[in-house]
Amino acid sequence: MSPADFLKIGPPVKQGHDTSEKDLAHTFIQRLMMLDYRARYIQVKQDNPDLSYSQSVPVSDSEDFDDLFSDSVDSDNSIQSQVHPMDVQMAVFHCSDSFLKQNLVTKLSQCQYALPLLVPDPVTKDIECPLWTFRQIQKTWKKTQIKENSNVVNMKSMPICKAETPMVFFFRLGSLPVSKSQLMNTLINDRHSTFFHRNCPGSTKCRLLMDGVAEIAWYCPAGKPNDSFTDCIAFCNLHGDALSFEKQHKILTEKSSVTVVLVPTLEKGQKSTTVIQDLFKSPKPLIILVADNDRGAVQVKDGKYKMGLKDKSQSDVSEGLKGIIKKISSGPHRSFKLESMAKVPGVTVDEDDEVCQKGKSAAMKTVKMLQGMEISKIKVTFLPCQGDLWHEWCRINKELYHLKGNTEQEKSQKQQQLNKIRQNQCQASCNELMKSFTESLLSSKEPSTQKEYFLKWTEILIDALSTDDLSSILKSYDEKWTEVLTLKKKHDKSDLLTSKQIELEEISKKLQSATFGLEHIFREMGQIYEAHRAVQAESSMTYWTTFPELAADLMISGHPVELMDGDAGHVPLIWISNLFDEVIKKLGDQRVFVLSVLGVQSSGKSTMLNAMFGLKFAVSAGRCTKGAFMQLVKVSEEIKKDFQFDYVLVVDTEGLRALELESNDTLHHDNELATFTVGLGNMTLINIFGENPADMQDVLQIVVQAFMRMKKVKLSPSCVFVHQNVTDIAAAEKNMDGKRRLQEKLDQMAQLAAKEEVCDAECFSDVIAFDVQTDVKYFAQLWEGSPPMAPPNPGYSESVQELKNIILSKAKQSTGITLSHFKIKIHDLWNALMNEHFVFNFKNTLEIAIYRKLEVEYGNWTWALRSNMLTIENQLHTRIENGELDKIKRSYIFKEMSKTSEKIKKDMLKYFEDDGDKDMLVQWRGQFENKIKEFQEELVRGTERKLDEVIQQKKACKKLDDKKKDVESKLLLKSKELAHQLKDKSKDNRELQKQFDGVWSDWVKDLTADTKPIKDINLEDDLANILHILGFEWNLIFKCKKNGRYKTISQVADYTGYVVLRKHQNTREQGFASQMYAFIGDKTEKLKCQFKGLLEHGDQELIRSLITNVENQSLNGIMKKPEATRGYSPTYLQEVAQNVQRTVTQFEKNKKYDFKKEFTVDLLLYVFDRAATWLSESHKIFTVKNDAHTYLESKKIQYYNIFRSFCKGNSSAVVFRRNDL
């Protein structure tokens, strides 16, 4: 299984209903993706309806009191055994590819569950450390230290792979009456089952895949007095009896800081004595917990402790353990780092996979050049196109929509400026980082997993860079802020406080620019593409032409793509347009339903979308979304018939009311973003944190008014209000009045806006479809407790599922929009937004109306001043004409208009203090008072200047008549010089490489025009199809693949469960045995022994011999196939499958039993599992030898060297000829 199998919209996930075993894995994954920690406790529906928990309990005929003490009464032995919940988790883990494993482990971590650290292979028993699965996990905690008799709390945030912490290792020797895992939970979070234990719902005595697995979890303190520990501590738990898993036990004992061993009794001569003796001799701290001892904690010697568990409550044991662990961890101890597991001998690490390593080395090559630099400097140095150049381009481009005065001339100037910026971007774009990144992206197109690994590793390495940088900035910010607060408390108003505040502001700016991720590199790709497209420079460097295709591939494979640049607040239309063109080329012009989300900052928008659809939008308070990102989600085939579109396009947006923006910028930015978001979506989720929608209803008023003004853009938006973090279960009923008031307010403002904009809308829903009865939803709070140790609230995932169902039910009525139309819609909407400027500067519709009224008054006041000035000017002009005046005095003009000026001041004072809307008007009072003052001063200056010019004109006329003007034209001849410069320019290696790449790319395209790359083989699908062709049902095939029993078919101790005795045998007994065996599988030893005698020892050996012979014959048969030279064919598998089936049928003749279908399916799965590696390797050899693309790529360096030598030779020849001349 891969993430692609779950990144699609399927049928609703069942909540609270029993799930059949065949759906168990998928239901588990889907619920886990929705952050529902109850995914572990899914109720299983029995496949046989006659045998279920709902059947009646057997009743005894006897009423004798003595029968109460008798076991003779038949109990209900027919109840099927459930699948152990942790077997479900581990089966899913084993059947997932590395990327799905990583997603699953990340979600398990978010659910505050323990994570697999050492995992034995179910077949080979080799031990693997799935280090790759931990790479996305980031932990944050607050460490408390005592300095100078006071507690100092420092925040730490880092990838968990990099964290160096103490590690406490728990294991047991023998069988115990108490649960080790449950005891560990009390140390980490006593309200949550971090480690699964025997008392958890669904637990069974027998488990197949958990014994020998070591799990790890971290305790992260919150910096509060009630923290269990003052620093982050790792807890490791080895499942099963450590005596049976010596290798895991030794590895983790070596790695641990503290070892905690649980034993049933502490006596010499036991199997466990040697282990305990070795631990006792080791210098490492040891805690021994004895089940049959009731003594308290005793320190036997330095670092060695013993404690009894008998007759003690778990809380007492837990408190005793906490005290000992605190004591040990406060002194010198060994630290544990997850990455160190990669160097442990005898443990295979998933990251050692060849494709993973190729991706990592390519990512390291890219990121290596960034190390040692500040994040802000990285952006300036390596991502110059998206920095000041792009921001300046956006500013000038916005100005183009609001030109004043001589528009054509100004427009021409601004377009020249824009073109110049694009040229500068082109020149700046040829840097090593972008070359390395795009080359790696292009070269890792096949296999696709290598590209995924490359991107993931790049993201991981970049995040590690910015995490380090961010931590140091936060620390310096905290220190500087403390200094400022200390000075303020002392009422210090010296220059020292001012300088400290300036320094704090600088650190604050640095903090804002310290975010750097993969999205910035893709943003740079977009800018490089836009710049080159705009300039259309004749250049051999054409690698930028592939950028939209690369981005389209990523978007199709489920990566979020930036739609609006959050830093510049701009949509790169050329880039987005070409990106969609490439998506349409690859998918066709599919219909999509556009779902967008809008809400205030840190209100949980991205978290909600990720939980709802299993998306990858960035979440966390430190890495808030900036701008807008879009992600494609496919509608699964199962439910496609119910919808009129093929995909849902989810648009996640930056939070409104961002604290880092200044107030004026915030208002304009928020309103613009909100209008864009709601305008794009077929449906918009209005996300509100809490029950009060005040902030959002203000923004929506502006959106409505903006839509009324954008008459040319065809929009059909709708919205659903989502109130998050509502704890009251009766919130929906209690807020009926609040909802009515919300509706009334929105309608009232829509009417006011319609009046302002001369529009016929009568209510809010005339502009944005909205039903207050059905379109307001309340969400439970996200966390069940206080972070960082709180798991997500199961009620939250239920709310998410309910909302998803509502969205999909509404979407059924929508036809969506084609991708080509959506591309045009983005263009039209953005251009309309650029043209709109006025309404975005206001908080709500009422503000706009009041401001417009104020502007009318301002117009009256300025007219009074102008009228008065005109009278004064006419008087002075007459005096100049008459020769009575040769100099203008400004003081005279002010004196003449003082009477009018005073009157206007009084009128303004009265208006701002007596008007009915004075509370809202007050925000503009200072602004308008200054405007009037500046207006008057400018009026006086203008009049003075104008009249002075009249005087100067008169004086100059005479001089002009006395002089003749000589005009000479000079020609500047630069063409020869330019030609000379071009002639002398020698080509360096970089230039040669660019030219060659262009030629090579065209040549490869030409040569491979009619050839397609050799595809990867899909053995799993082929095998399933072949089994189906052979007559096996799909359900049986998938069931056998899922339970994984086929992997150990050659090692099964008893094959009774695979056979059915023929009719002349003891059918009644065999039928019962088969039934029971099917239900219990490899459950308790006692029940296995009961049925072992049904197949004689000789029969058991014959079956085992059959399996061995079939395996050898099949592998020999497959290895004789010419796959490495002629390529893979599913026919190879089918031939082997038919031979196996014939052999099994032949074997059954003259036997007293028949094989069940499960035996043949498991045998075939086993054979093909053994052959898979050889088939894959042979296919790789064939690909290298026969794929044209691969072959040409291998010859590229050779041809480049030839090309370079020709160029160098020609350059030399030119030099020689020139010297001869």
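In this predicted model, Tyr-911 has a relative accessibility of 11% and therefore counts as buried, the limit for that class being under 20%. Trp-861 is buried as well, with a relative accessibility of 4%.

**Aromatic rings**

The structure contains 32 aromatic pairs. In one of these, the ring centres of Trp-861 and Tyr-911 lie 5.9 Å apart and the ring planes meet at 80°, so the pair is edge-to-face. An angle over 60 degrees is what places a pair in that class. Trp-861 belongs to helix 26 (residues 845-881) and Tyr-911 to helix 27 (residues 890-914), so the contact ties together parts of the chain that are 50 residues apart in sequence.

Ring pairs also build a cluster elsewhere, made of Tyr-1055, Tyr-1058, Phe-1147, Tyr-1153, Phe-1155 and Phe-1159.

Two lysines sit over the faces of phenylalanine rings. Lys-101 is placed over Phe-93, at 4.8 Å from the ring centre. Lys-301 is placed over Phe-280, and here the distance from the ring centre is 4.9 Å.

**Cavities**

Rolling a probe the size of a water molecule over the atoms shows where empty space is left. The structure has 4 cavities of 30 Å³ or more.

The largest cavity has a volume of about 80 Å³. Its lining consists of Ser-109, Gln-112, Tyr-113, Leu-115, Lys-139, Ile-188, Thr-194, Ile-216, Ala-217, Trp-218 and Met-789. Strand 10 (residues 214-219) supplies the largest share of this lining, with 3 residues. By residue class, the lining of the largest cavity has 7 nonpolar, 3 polar and 1 charged.

The second largest cavity holds about 60 Å³ of space. Around the second largest cavity are Phe-28, Leu-32, Gln-89, Met-90, Val-92, Phe-93, Leu-104, Leu-108 and Pro-116. Phe-93, listed here as a lining residue, is also the ring that Lys-101 lies over. Three helices each give at least two residues to this lining: helix 1 (24-33), helix 2 (85-94) and helix 3 (98-110). Helix 2 has the largest share, with 4 residues. The lining of the second largest cavity divides into 8 nonpolar, 1 polar and no charged residues.

**Backbone features**

Most residues other than glycine have a negative phi, and most peptide bonds are trans.

| Residue | Phi | Loop | Relative accessibility |
|---|---|---|---|
| Leu-35 | about 60° | between helix 1 and strand 3 (44-45) | 7% |
| Lys-125 | about 70° | between strand 4 (115-120) and strand 5 (127-129) | 53% |

Is Leu-35 buried or exposed? At 7% relative accessibility, Leu-35 counts as buried. Lys-125 is exposed, because its relative accessible area of 53% is over the 50% limit. Neither position is a glycine: Leu-35 has its positive phi without being one, and so does Lys-125.

There is also a cis peptide bond, which joins Pro-787 and Pro-788 with an omega of about 10°. Pro-788 is located in the loop between strand 24 (776-778) and helix 24 (794-811).

**Two buried polar residues**

Thr-684 is part of strand 22 (residues 683-689). Its relative accessibility is 0%, so Thr-684 counts as buried. What does the side chain of Thr-684 contact? It makes a polar contact of 2.9 Å with the side chain of Ser-596.

Ser-436 is part of helix 12 (residues 432-443). With a relative accessibility of 6%, Ser-436 also counts as buried. The C-alpha atom of Ser-436 is 8.9 Å from that of Ala-363, a residue 73 positions away along the chain.

How values were computed. Residues numbered from 1 in each chain as written. Heavy atoms only, no water. 1 Å grid on protein atoms, 1.4 Å probe; cavity = no way out; pocket = protein on both sides within 12 Å on 5 of 7 lines; lining within 4 Å. Points joined across faces, edges and corners; volume = space filled by probe spheres on them. Nonpolar A, V, L, I, M, F, W, Y, C, P; charged D, E, K, R; others polar. Phe/Tyr/Trp six-rings, centres within 6.5 Å; stacked < 30°, edge-to-face > 60°. Buried < 20%, exposed > 50% of the residue type's maximum accessible area, 1.4 Å probe, protein only. Lys NZ or Arg CZ within 6 Å of the ring centre and 35° of its normal. Polar contact = N/O pair within 3.5 Å; in protein donor to acceptor, adjacent residues only side chain to side chain.
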